[in-house]
Amino acid sequence: KKLASQLLINIRKGLEPLFFGAIGVFAFAPFSFKYALFVSYTYVIYRVFKLKDNNDTYDIFLWAIGFWGIGTSWIIVSIYYYGNVSLIGSVSLFIILMLGCISFFFLPIILFKRVLKNFSDNLLILVPAILILVELGRYYFLGGFPWLLPGYIFLDTPFQNLYAFIGVSGLSVLFYFLATANVLLLSKKVYMVFLNLVLFIFMLLPNIFIQSNDDEDSINFSIIQPSTDPFTKFDIDYVKEIEDEFVYLSSLANKETEILVWPEAPLPYTSQSNRYKDLINRIDKPLVTGFFSTKNGYLYNSVVNSEQSAIYNKRKLVPFGEYIPFEKYLRGLIAFFDMPMSNITSGNLSVEMDVGHKTFTPLVCFDIVFREIVRKDVKSSNYIINVSNDTWFGNSFGPYQHLEISRIRAAENNIPIIRATNDGISALISSNGTIVDYMGKGESGILNVKLVPTDVRTFYNTYGDLIIYFYIIIAFLLMFLVRMRDA
């Protein structure tokens with residue numbers, strides 16, 4: 001009985017951090033039960049920073065498995081279902097990517113805790129500073145995977161307008177502060193219940209401070225969403241069929257349409273080919289589209305338009321999708337690593353385009369996830385055109401979270417976004433992050449929208465994360481002074 005009882009205790013201890021890590025994922029799209037992340041982070045902050053035992057490394061590692069394992073599970077869809085990789089190979093690649101996220105989350109936290117000992121009386125100052133440093137570190141030093149950031153959950157709440165002032169990082173600091181305060185109030189049940197009740201209600205409230213835009217200078221767009229299979233474009237027997245589908249859907253555009261937008265790389269040839277020129281000649285309106293392009297023997301995933309020679313090349317490529325890490329060892333091993341789009345070169349320059357109706361910043365798929373890229377690119381633009389192909393992620397979390405992040409980029413910079421994807425979710429996003437109109441996942445058709453361009457940028461667009469850097473410096477300076485005083 002004692003052995004069985006101890007076994008059950010050990011199982012519970014193992015499952016508990018996994019459970020609290022996993023429930024945090026439900027705060028993000030498509031679930032958007034935002035309060036779940038407060039519960040999840042309250043648990044991990046308490047276990048690691050407040051509770052004095054020797055299991056902090058074990059607890060945070062298991063919590064991170066629950067959080068990152070469930071939260072990034074959509075990656076396996078593209079590897080297994082669309083990459084033709086065996087189940088074992090798919091799981092192995094997913095585990096490698098997941099362990100990367102986990103390591104860059106829990107290892108710095110454990111290091112900070114070991115270096116900064118006996119800071120339990122200063123949790124409210126230090127814990128948010130540590131967690132935001134870890135968050136920024138993952139953004140800058142992991143090749144960039146700014147997914148599942150706590151600052152994202154304030155979309156569609158009364159906090160949404162703060163994106164224009166302090167951005168996602170600022171709202172992450174606010175989140176860490178509230179979660180830490182929750183931990184400190186655990187011993188004061190009445191105050192803790194009150195704080196959690198306020199948070200729970202507040203996170204359910206809609207964003208009522210919606211900006212009204214003057215549509216006097218609006219631009220009429222038609223977004224084409226063909227919902228074609230991503231593999232058929234590489235089958236020569238289907239290329240003509242896909243071309244005809246694009247031409248047909250484009251012909252359904254309103255007569256008021258001023259610009260057509262197609263999604264990311266819809267066909268297998270390049271924008272320099274004669275076939276591309278023939279296709280463009282079949283379109284009777286200005287067109288902006290994703291397309292492959294070549295230069296000096298290198299292949300790029302680009303944005304081109306029919307009215308201008310400028311080409312934008314995607315800067316943030318997707319590992320194992322558009323390029324192969326350790327290519328000389330992996331290419332040729334399995335079919336997935338020999339896909340035609342897995343040998344793409346990264347661009348390194350921003351481009352501003354003009355199709356005769358204001359200027360816009362072109363971005364391809366993953367580019368829009370990176371706030372610094374967007375912030376710097378849109379200084380003098382009037383809107384963004386983001387072409388993407390979320391087909392690779394099927395009906396997983398990926399497409400919904402990608403749209404969620406795109407909305408935040410609009411709110412951070414006060415700039416509207418045209419989002420054109422192959423099979424959804426295509427959308428017009430207003431300058432404050434509101435979805436004006438959209439076409440759902442898996443639908444095929446045309447979305448006629450009216451965009452209101454803007455030329456007024458936000459405080460965040462001007463100063464970026466400067467306030468956050470000041471906060472980090474002040475927090476650690478205060479901790480240093482406290483340590484010196486107590487020494």
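Which residues line the largest cavity? The points below take up this question and others for the structure above, which is a predicted model.

1. The largest cavity. Its lining is made by Tyr41, Trp68, Phe105, Leu131, Val134, Glu135, Arg138, Leu148, Pro150 and Tyr176. About 70 Å³ of space lies inside this cavity. By class, the lining has 8 nonpolar residues, 2 charged residues and no polar ones. Helix α6, residues 123-141, supplies the largest share of the lining, with 4 residues. In total, the structure holds 3 cavities of 30 Å³ or more.

2. The packing of α2 with α7. Two packed helices are described by the angle between their axes and the distance between the axes. For helix α2 (residues 35-50) and helix α7 (residues 163-184), the angle is about 65° and the axes are 9 Å apart. The crossing of α2 past α7 is right-handed. On the α2 side, the contact is made by Leu37, Phe38, Tyr41, Thr42, Ile45, Tyr46 and Lys50. On the α7 side, the contributors are Phe175, Tyr176, Leu178, Ala179, Thr180, Asn182, Val183 and Leu184. These contact residues divide into 11 nonpolar, 3 polar and 1 charged.

3. Strands of a sheet pair through backbone hydrogen bonds, either parallel or antiparallel. Here 6 strands form an open sheet of mixed pairing, in the order β5-β4-β3-β2-β1-β12. Its edge strands are β5 and β12 (445-451), and each of them pairs on one side only. Neighbouring strands of this sheet are turned against each other by 35° on average, direction ignored. Helix α9 packs on the sheet, where α9 touches β1, β2 (259-261) and β12. The direction of α9 makes about 145° with that of β1.

4. Strand pairs within that sheet. How many bridges join β1 to β12? There are 7, and the two strands run antiparallel. Gln225 has Gly445 in β12 as its bridge partner. Strand β4 (residues 298-305) and strand β5 (residues 308-313) also run antiparallel, joined by 3 bridges. Val303 is partnered by Tyr312 in β5. β4 and β5 form a hairpin, with 2 residues between them.

5. The sheet from β6 to β11. A further set of 6 strands forms an open sheet, ordered β6-β7-β8-β9-β10-β11, and the pairing is mixed. The strands at its edges are β6 (353-354) and β11 (435-439), each of which pairs on one side only. Helix α13 (residues 398-413) packs on this sheet and touches β8, β9 (417-421), β10 (426-429) and β11. Between the direction of α13 and that of β9 the angle is about 160°. Within the sheet, strand β7 (residues 359-364) and strand β8 (residues 383-388) pair in the parallel sense over 5 bridges. Val364 stands opposite Val387 in β8.

6. Backbone details in the loops. Where is Pro30 placed? Pro30 sits in the loop between α1 (2-23) and α2. The peptide bond from Ala29 to Pro30 is cis, with omega near 5°. A cis peptide bond also joins Gly424 and Ile425, where omega is about 15°. Ile425 is found in the loop between β9 and β10, two strands of the sheet described in point 5. Finally, Ser227 has a phi near 55°, which is a positive value in a residue other than glycine. Ser227 lies in the loop between β1 (219-225) and α9 (236-251). The student may wish to locate these loops in the view above.

How values were computed:
Residues numbered from 1 in each chain as written. Predicted model: local features only at pLDDT ≥ 70, side-chain atom pairs only at ≥ 80, totals over all residues. Heavy atoms only, no water. Axes fitted to C-alpha atoms, helices over the stretch in contact; angles between N-to-C directions. Left-handed = near helix turned anticlockwise from the far one by under 90°. Contact = heavy atoms within 4.5 Å. Nonpolar A, V, L, I, M, F, W, Y, C, P; charged D, E, K, R; others polar. Pairing = 2+ DSSP bridges. 1 Å grid on protein atoms, 1.4 Å probe; cavity = no way out; pocket = protein on both sides within 12 Å on 5 of 7 lines; lining within 4 Å. Points joined across faces, edges and corners; volume = space filled by probe spheres on them.
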